[in-house]
Amino acid sequence: MKLPDLKILDEKNKTLRKISNEVTFPLSKEDKKTIEDIITYLTMSQIEEYSEKYDLRPGMGLAFIQLGIPKNIFVIVEEVDKGEFENYIIINPKMLSHSEELIYVGEGEGCLSVNREVCGIVPRYARMRVQYQDMEGNTKEIRVREDISVAFQHEMDHLNGILFVDKIDPKNPFKDKEKMREI
Ligand code: NI
């Protein structure tokens, strides 16, 4: 595999604070290529051989805005089995409903735009239903839960210019811990 040359913006970059725009169809060639590149990058970052070779931080999600492109598109690559990956290509997502139950990632969330350790709880819905469009522009619906639900919310925040670190109170990073379930 060849590592795509992606320029991922750092949290200090103000572009990350932009609100991304609705995508129209058909997708442009460039956008399709960017989606493919993100899939390759995220997959390689989760394979030890490549993450070591290229000094990559493992990541499972990336939004277009993290490459400086303010479009409502994100990609998630999940390792479902050893060396087996499932891709989510999500365009123009809208949350339809969510669980009452809140969860948080015990070891903390990570983001390819945040190059430092950040401790603290980011409350996320345990489950939600999301409407989105696929690469052909078909409207679809998906139910997500647990870590994929967290990943979706993390990426949907990016589309609104929000980073996970914004949701942690630096004075009390573990606030309301007892009201949520750790995953
Ligand atoms: Ni992120």
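How many of the 14 residues of H3 are buried? In this predicted model, the count is 13, so the helix is largely enclosed by the rest of the structure.

Let's stay with H3 for a moment. From its first C-alpha to its last, H3 reaches 20 Å, close to the 20 Å expected at 1.5 Å a residue. After the helix comes glycine 161, with a positive phi near 75°.

**The nickel site**

The nickel ion is coordinated by Cys111 through SG, and by His154 and His158 through NE2, at 2.1 to 2.3 Å. Along the chain, these donors follow the spacing C-x42-H-x3-H.

**The strands**

Now for strand S6, which pairs with S3 and with S7. Here is how they line up:

| Strands | Bridges | Direction |
|---|---|---|
| S3 (residues 84-98) and S6 (residues 127-133) | Five | antiparallel |
| S6 and S7 (residues 139-145) | Seven | antiparallel |

You can pick out some partners by eye. Isoleucine 91 stands opposite glutamine 133 in S6, and tyrosine 132 has lysine 140 in S7 as its bridge partner. S6 and S7 form a hairpin, with five residues between them. In that turn you'll find glycine 137, which has a positive phi of about 95°.

Note on methods. Residues numbered from 1 in each chain as written. Predicted model: local features only at pLDDT ≥ 70, side-chain atom pairs only at ≥ 80, totals over all residues. Heavy atoms only, no water. Donors = N, O, S within 2.8 Å, 3.2 Å for Na, K, Ca; no water. Pairing = 2+ DSSP bridges. Helix = DSSP H or I, 4+ residues; strand = E, 2+ residues; numbered from the N terminus. Expected span 1.5 Å × (residues − 1). Buried < 20%, exposed > 50% of the residue type's maximum accessible area, 1.4 Å probe, protein only.
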